[in-house]
Amino acid sequence: MQIGIIGVKFTGKTTLFNVITGAGLPTGQGGVDPHLAVGKVPDPRLTKLTEMFNPKREIHTSVEWVDIPGFQVGVGAAGAREATRFLEHGRKVDAMAQVIRCFDGGFGTPDAMGELENLSMELALADLQIIENRLEKLTKEKERMGKVANPLEPPMFKRFHEHLESGGGLRDLELNPDEEKMASGYAFLTAKPLIVVFNMEEGNDAPADVMNAARKAGAEIVSLCATMEEELAELDPDEAREFLDDLGIEEPAMNLMIRASYSALSLQSFFTVGPDECRAWPVRKGSLAPTAAGVIHSDLQRGFIRAEVTAYDDLMEAGSMSAAKAANKVRLEGKAYEVQDGDILEIRFSV
Ligand SMILES: Nc1nc2c(ncn2[C@@H]2O[C@H](COP(=O)(O)OP(=O)(O)O)[C@@H](O)[C@H]2O)c(=O)[nH]1
Ligand SMILES: [Mg+2]
């Protein structure tokens with residue numbers, strides 16, 4: 001699963017990418033190549049579990065991030081080439097995090113609304129292009145054959161077309177399973193989950209009108225200051241804690257952005273615990289226990305018998321696994337159990 005960091009040039013995309021992945025790319029350059037790196041998904045619950053079980057290792061889940069080169073708006077053919085390249089990269093990712101510049105930084109007065117609107121227009125135009133091509137093909141098919149092979153296609157693509165023309169994105173539309181299947185091969189850009197990241201001057205608030213517009217477009221919203229996150233990431237843990245305490249905040253805003261992106265990918269975490277290792281694992285929301293077992297190892301899925309499940313909050317309240325057991329908070333669940341975010345699992349299996 002990949003999250004693409006997208007947006008206009010010089011909005012702070014690479015700065016954020018570096019903080020998330022530790023990639024150490026040069027910033028302020030506006031390069032043309034995409035960069036891919038893995039970033040861990042910080043989870044304070046895992047820290048608490050590690051405090052409780054004192055294991056040799058603590059392992060977070062991670063996701064892949066792609067720093068997609070930005071484009072400039074309204075610079076003629078060069079801009080068009082950049083935009084095409086940008087769209088090609090955008091098609092390959094599973095979700096997009098758009099960074100919007102709300103700081104001056106010598107780049108001129110910020111135009112947050114302009115950035116949001118321009119990008120959503122680029123994405124919508126790219127989707128429209130594909131839909132128009134498809135509709136044209138379907139019309140020709142009908143002329144030639146007297147009918148189309150799949151009669152469900154034309155009405156669906158017409159509905160998509162109308163919705164995009166009226167300024168919406170495809171992520172707004174409810175699709176039935178047939179439509180999901182038909183649409184899935186096209187990698188529509190406006191159907192992908194979107195996180196809008198307002199990159200602020202330290203201490204400022206994101207503009208309310210732009211936040212509302214982003215929310216209306218179905219985006220998750222996060223505000224942060226990328227250069228402050230960068231400084232924070234360079235501190236040792238004690239200094240960082242002090243810094244956050246001074247600001248009166250629990251966690252860096254960066255962490256919220258990472259978790260919002262993880263969740264936009266429809267991922268959630270379950271945990272395994274023990275003296276060797278406390279570990280967070282990714283699983284799609286709505287997955288059943290055997291699927292979660294399969295994330296750990298295929299043998300655990302194949303030979304799944306049952307799962308011992310403890311909710312994170314129940315374990316914390318009990319104070320230890322044995323206290324949770326004594327309080328009947330450790331449940332035995334079968335193959336039909338739907339794993340919940342934060343579940344602590346122990347899989348019983350036989351192969
Ligand atoms: N003042 C300020 N400058 C920033 C902030 N975020 C990024 N920058 C600076 O803006 C420039 C462009 O950043 P970069 O991450 O390369 O942007 P990109 O082109 O979107 O990848 C760099 O010089 C950054 O240090 C911020 O929150 N505040
Ligand atoms: Mg960059």
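## Contacts with ligand 1

A polar contact here is a pair of N or O atoms within 3.5 Å; within protein, one of them must be able to donate a hydrogen and the other to accept it, and residues adjacent in sequence count only if both atoms are side-chain atoms. With that in hand, look at ligand 1: a backbone N or O atom of Thr-11 sits 3.1 Å from one of the ligand's oxygen atoms. Gly-28 also uses a backbone N or O atom, 2.5 Å from an oxygen atom of ligand 1. On its own, ligand 1 would expose 590 Å², and the protein buries 85% of that (accessible areas by the Shrake-Rupley method with a 1.4 Å probe).

A quick word on the model: it's predicted, so local features need pLDDT of at least 70 and side-chain atom pairs count only at pLDDT 80 or more, while totals for chains, interfaces and linings use all residues. Residues are numbered from 1 along each chain as its sequence is written, chains are lettered from A and ligands numbered from 1 in the order in which they are written, and side-chain values use heavy atoms, with hydrogens and water left out.

## The shell around ligand 1

How many residues surround ligand 1? There are 18, and the closest are Phe-10, Lys-13, Thr-14, Thr-15 and Gly-28 (near means a heavy atom within 4 Å). By class, the shell has seven nonpolar, eight polar and three charged residues (Ala, Val, Leu, Ile, Met, Phe, Trp, Tyr, Cys and Pro are nonpolar, Asp, Glu, Lys and Arg are charged, and the others, Gly among them, are polar).

H1 gives the largest share of this shell, three residues (helices are DSSP runs of H or I with at least four residues, numbered from the N terminus).

Ligand 1 takes up the space of the second largest pocket (more than half of its atoms lie within 2 Å of the pocket's grid points). The elements giving two or more residues to the ligand's shell are helix H1 (13–21) and helix H8 (226–234). A pocket is an open set of points on a 1 Å grid over the protein atoms alone, with protein on both sides within 12 Å along at least five of seven lines; a cavity is a set where a 1.4 Å probe fits but cannot get out, and lining residues have an atom within 4 Å of a point.

This second largest pocket has a volume of about 560 Å³ (the space filled by probe spheres set on the points, which are joined across faces, edges and corners). Its lining has 30 residues, with Thr-14, Thr-15, Thr-27, Gly-28 and Gln-29 nearest the centre.

The largest pocket holds about 860 Å³ of space. Of its 25 lining residues, Pro-42, Leu-244, Glu-251, Pro-252 and Asn-255 lie nearest its centre. H9 brings the largest share of that lining, five residues, and the lining splits into 13 nonpolar, three polar and nine charged residues.
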